[in-house]
Amino acid sequence: MEQRQRTWKKNLYENTDYPDNYTDKTFLEELKKNVNITEISPLTAILGAGLVTQELCIIVFFVAVYVYLHSGWIEPETVFVQSSLVAAIGYLTYRIVLTDKNYNEVLITDLRTVLIFVVFGYVLSPVLKTLTDTISTDTIYAMTTFMMIIHLIFFDYGVPSAIVSSSLSMNAAIFGSVCLASRLASPFHAFVLLTNAVECFVLLPILLSKGRGSVIVLAAMITTAVYALWTVSLIMMFLFICVTLFVTVLCPVWFLRWQKHKENIYGPWDEAVVHDVRM
Amino acid sequence: METLLIFVPCALYNEEPGTLYGVVQESKEECVKAYFIIGKTEGRSRISEVEQCRIIGYYCKEDAPCSVSFGEKLDSVLLGLCDCEFILHKVLNGGDVVDMSKPCQTICIIYDHQKFILSELLLQSMDHSGLMYGDHFKMLASKLSTEVSFQDSSVCTFSSLIGKSLVSQQIIKLLLCIINILLRFITFVHPVLKYTTLESHLQIFLQSIIWVLQSCSCKKNLSVKVGNYIVAVIVDICSGMLILYWLSTITSSPSQLLLESGEVVVRTLRELLQWLMGIPAGLKLNYAFNNMLGQFFLYHINLWWTFLVVAKPLLEVTFYIFLCLGRLGLTFQASILADLLALVSLHIYCIYVYAARLYSLQVSGLVALWRLFLGQKHNPLRGRVDSCQYSPDQLFVGTLAFTILLFLLPTTFMYYIVFTTLRLVVVGLGGLLTRVRYILQCLPLYVSILWILQSATISSTVHLMVRFRETQGSLFLSVQPVCGSLWRTVQYCMPETVHPPPRVKWGNLLGNLVSGRLI
């Protein structure tokens, strides 16, 4: 038996008395588990899942407008006027109430953007209307569904992630709406639907990004979507309610219940993270 | 251990004893030393006229080795005759007597002097092959040919007689003047007429005639290449006359035939366009766009047809001129036919250009907009595709344009395919006519007849046979120039002014077809 004269040290040059495969009892004492654990409340989880539901509601609303226009239940002029009014109110709310910047200098840029949208939409709508004449309706609906799914996947929900590509999501949504617009009765219908699409997929997310974390907004959107679907088709409404429940209620519940299985280990082997020192 | 090659002319069989003269060549890398014995002379004075030739040995016929001293000669050969076979009595190499008992150290090669001089292709063919022993035969052939130019040639042919007479020289000079003037005139109008195949063919024809006349006046006799070309031209003209005669028996007015064929082409095209504007092959095309394109192309065809009808008298005059030129041979008729084909299919070419440009624009636009769809952009500075932050209105307009281009692509693509096929057919026919012209110009009729007769003038390789082998010592070989393969001989006899048509690059063609570049 050897005399252990020196205590075992955690380096390579001092432990000559010990055998090479010796494991000290201080092994892994620097291991820490779940250091940065954040307690997520149920409300936060539901609101986080609600971001996806919000976007889904927007899509449902847009499709409902299309169905109304296609079946002739609503006149395109009415839609145009109403949606323009809503857009104007939303714009003013965003600029004046929610943003602190001086809105004089951004007014010109915004007007220019609006002008581009309107002019291009109006000029190209006759072409867009006859674009898919010879393609069957089922193909069009399938393409639109596919494009909307891509829009949902790549949308920027405010979470930093590698898969987010806001331009791809916007382009997919516009592509899908052009596909739908080509099925309508007249170029003006197509123009109205296109304007609606721009308002829903380009302008509304900007406004809603200010309203993140608000349960009221979420609830209002879900209700509107359910009502819109109820007027269109009962089956779709039930399907939508199921999906919403799954996404907004079931998934956060699972997420919270399985938090206790979380086991992140940290230790001195992690990469050093350099923080800025604020002087 | 050097190998010694000794080249002995077989004419020495019948000669009297005398001094041998020739050239010695040594190559250190291959350890070979070659003694080229060119000939025999009685006296010693004539040798200094011939460049690089010097006394190389002595030929004593049937006598026993005689006591001829070579004096200061370092390399020399003492040759004798015994039982109708050559024997080497003594060989000096660098002053030392060579021991001839070692097997295969001295190789004696007996060659036929006449045949080597007669062959016109030997030197040319030796340039192509790179054999080690080919160098020696090349050296031999070149030494023999330079030696012939110093001596009176014992070959006296009909062609050389004609070549040497004074009258023929003057005639040749006159013809050269006339043809030079013609050629200058053709180069003068070149910028105007450079798109017609007839003009380029005429240029090549005149250049070939100049080449023939110049080689005739230089060499004072007809070489095989020139003879081959003249035979090909004669065959050409005869077949041209035959075809013209046959054409005149079929139809009385060839220009009417041309106009009728033009009309058939136009009618077929119109029907094709009408078919495309409907629902061709069940494809789903955009109706409005399809209609617009179809009407546009139909308008073009009508324009072209009106032009043809209005210009009919002018066409008749030009056609008559063409008929006159066609008497010069079948190749001229082929080039005229190629020109007529281009003229008749001009509207196909126009429509093809429109369709190709539209298609290439659409494809490049689609590629760029697809990148915008994904949020990327081509970076010309780095030559790669990077992600890019676009503003919403750029994205909106870009997506709209992408949708439009994507849905209009099948229509454009269909027009492009149809007219590219037609254009490829026309280009293929033109290429076929060019190759027919090339084959007619290089028709190796004369050379093939010579090859069948195994004439000595077209021999291009050599054939070695073992002649006699002493039990100890030197090896005796005999060499004969023989004809090579027919293909090789034909290749050597191609006229120099005629160039083969350019090869088709299939990879390039495919790339151009896919991206819509013009063919």
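How much area do chain A and chain B bury between them, and what share of it lies on carbon and sulfur atoms? In this predicted model, the two chains bury about 2200 Å² between them, with 78% of that area on carbon and sulfur atoms. The size of an interface is often given in this way, as the accessible area lost when the parts come together. Three residues of chain A deserve a first look: L131(A), N171(A) and F175(A) supply 27% of the area that chain A buries against chain B, more than any other three residues. Counted by contacts, the interface brings 30 residues of chain A together with 21 residues of chain B.

Polar and charged pairings across the interface can be listed briefly. Three residue pairs, with both partners at pLDDT 80 or more, are in polar contact between chain A and chain B. One salt bridge is found across the interface of the two chains. R112(A) forms a salt bridge with D393(B), and their closest N and O atoms lie 3.9 Å apart.

Which helices of chain A each supply at least two residues of the side that touches chain B? They are α3 (103–129), α4, α5 (166–181) and α6 (187–208). The largest share comes from α5(A), with 10 residues. Sorted by class, the side of chain A that touches chain B has 20 nonpolar, nine polar and one charged residues.

Helix α4 of chain A, which spans residues 137–154, also holds T144(A). Is T144(A) buried or exposed? Its relative accessibility is 7%, so T144(A) counts as buried, the cut-off for buried being under 20%. The side chain of T144(A) reaches the backbone oxygen of I140(A) at 2.8 Å. Leaving aside residues up to four places away in sequence, T144(A) touches G176(A), C179(A) and L180(A).

Chain B contains 17 helices and 12 strands. Its length is 519 residues, and 43% of them count as buried.

Note on methods
Residues numbered from 1 in each chain as written. Chains lettered and ligands numbered in written order. Predicted model: local features only at pLDDT ≥ 70, side-chain atom pairs only at ≥ 80, totals over all residues. Heavy atoms only, no water. Helix = DSSP H or I, 4+ residues; strand = E, 2+ residues; numbered from the N terminus. Buried < 20%, exposed > 50% of the residue type's maximum accessible area, 1.4 Å probe, protein only. Polar contact = N/O pair within 3.5 Å; in protein donor to acceptor, adjacent residues only side chain to side chain. Contact = heavy atoms within 4.5 Å. Buried area = accessible area lost by both parts, 1.4 Å probe. Salt bridge = Lys/Arg side-chain N within 4 Å of Asp/Glu carboxyl O. Nonpolar A, V, L, I, M, F, W, Y, C, P; charged D, E, K, R; others polar.
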